[in-house]
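Reader: Good morning. I have just opened this structure and would like to be guided through it.

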Amino acid sequence: VMEFPYSVYEKNVAPDLSIPFVFGASGPKNKYPIFKYFSEKFGIQPSHFKNIIHNSAYVAMSSSIAMGGFIEQKVVISSQTALGFGVTVKRGALIGHHCIIGDFVDINPGVVISGKVSVGKGTVIGSGSVLIDGITVGENSYIGAGSVVTKDIRAGVIAYGNPCKVIRENTEWKI
């Protein structure tokens, strides 16, 4: 059991910057506004955050995770992969080699991301989705649960299916 001290601050009360921060929310439409508020109001930067990585997760030594990451149990992150700031990877997800995952991305349980995939900032990959080698998912997009992504998905859209197809524009968030 991992325990760490925490504090809850009332609105407009400056947090103690000597204590590392973690995100208490998921999803880019939640995490980004929280980060932006504390950054603008109190000067909190990504370097003030800490990563939480479950001890059953495997992260290749040649991969990198920016601060604010949350990696759940039985996740595998393969070699030469880079995760941006505030990324959440949920239980059992597999991320292949040479992938680039942007800031504030959420990867839900059971996702399989093959090699050389790029996922833009503020994107959500739904549970059980599969992204094949070499594709790009643009920023601020949402890939629905169970989708099989065989072609690039442009930025700012909601897409799902097998094969994955753009359904409509994403009007819920933009980072």
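Reader: In which strand is Val-157 found?

Author: Val-157 lies in strand β18, residues 157-161. Helices (H or I, at least four residues) and strands (E, at least two) are DSSP runs, numbered from the N terminus. This is a predicted model, in which local features need pLDDT of at least 70 and side-chain atom pairs count only at pLDDT 80 or more, while totals for chains, interfaces and linings use all residues. Residues are numbered from 1 along each chain as its sequence is written, and side-chain values use heavy atoms, with hydrogens and water left out.

Reader: Is Val-157 buried or exposed?

Author: Val-157 counts as buried because its relative accessibility is 0%. Buried means under 20% relative accessible area, exposed means over 50%, and partly exposed is in between (1.4 Å probe, protein chains only).

Reader: And which residues does Val-157 touch, leaving out those up to four places away in sequence?

Author: Val-157 touches Asn-140, Ser-141, Tyr-142, Val-166, Arg-168, Glu-169 and Asn-170. Contact here means heavy atoms within 4.5 Å.

Reader: Changing topic: how many aromatic pairs does the structure hold?

Author: The structure holds 10 aromatic pairs. One of them joins Tyr-37 and Phe-38, whose ring centres are 5.1 Å apart and whose planes stand at 90 degrees, so the pair is edge-to-face. Rings of Phe, Tyr and Trp (its six-membered ring) pair if their centres lie within 6.5 Å; planes under 30 degrees apart count as stacked, over 60 as edge-to-face and the rest as tilted.

Reader: What about Phe-49 and Phe-85?

Author: Phe-49 and Phe-85 also form an edge-to-face pair, with 5.2 Å from centre to centre and 85 degrees between the planes. This pair links distant parts of the chain, 36 residues apart: Phe-49 is in the loop between α1 (28-42) and β1 (52-53), and Phe-85 is in the loop between β6 (82-83) and β7 (88-89).

Reader: Are Phe-49 and Phe-85 buried or exposed?

Author: Both Phe-49 and Phe-85 are buried. Ring pairs also link them with Phe-21, Tyr-32, Phe-35 and Phe-104 into a cluster.

Reader: Now the sheet, please. What is the order of the strands in the open sheet of five?

Author: The order is β3-β6-β9-β12-β15, with parallel pairing. Its edge strands, β3 (64-65) and β15 (136-137), each pair on one side only. Two strands pair if DSSP finds at least two bridges between them.

Reader: How many bridges join β6 to β9?

Author: Two bridges join β6 to β9 (residues 100-101), and these strands run parallel. Ala-82 stands opposite Ile-100 in β9.
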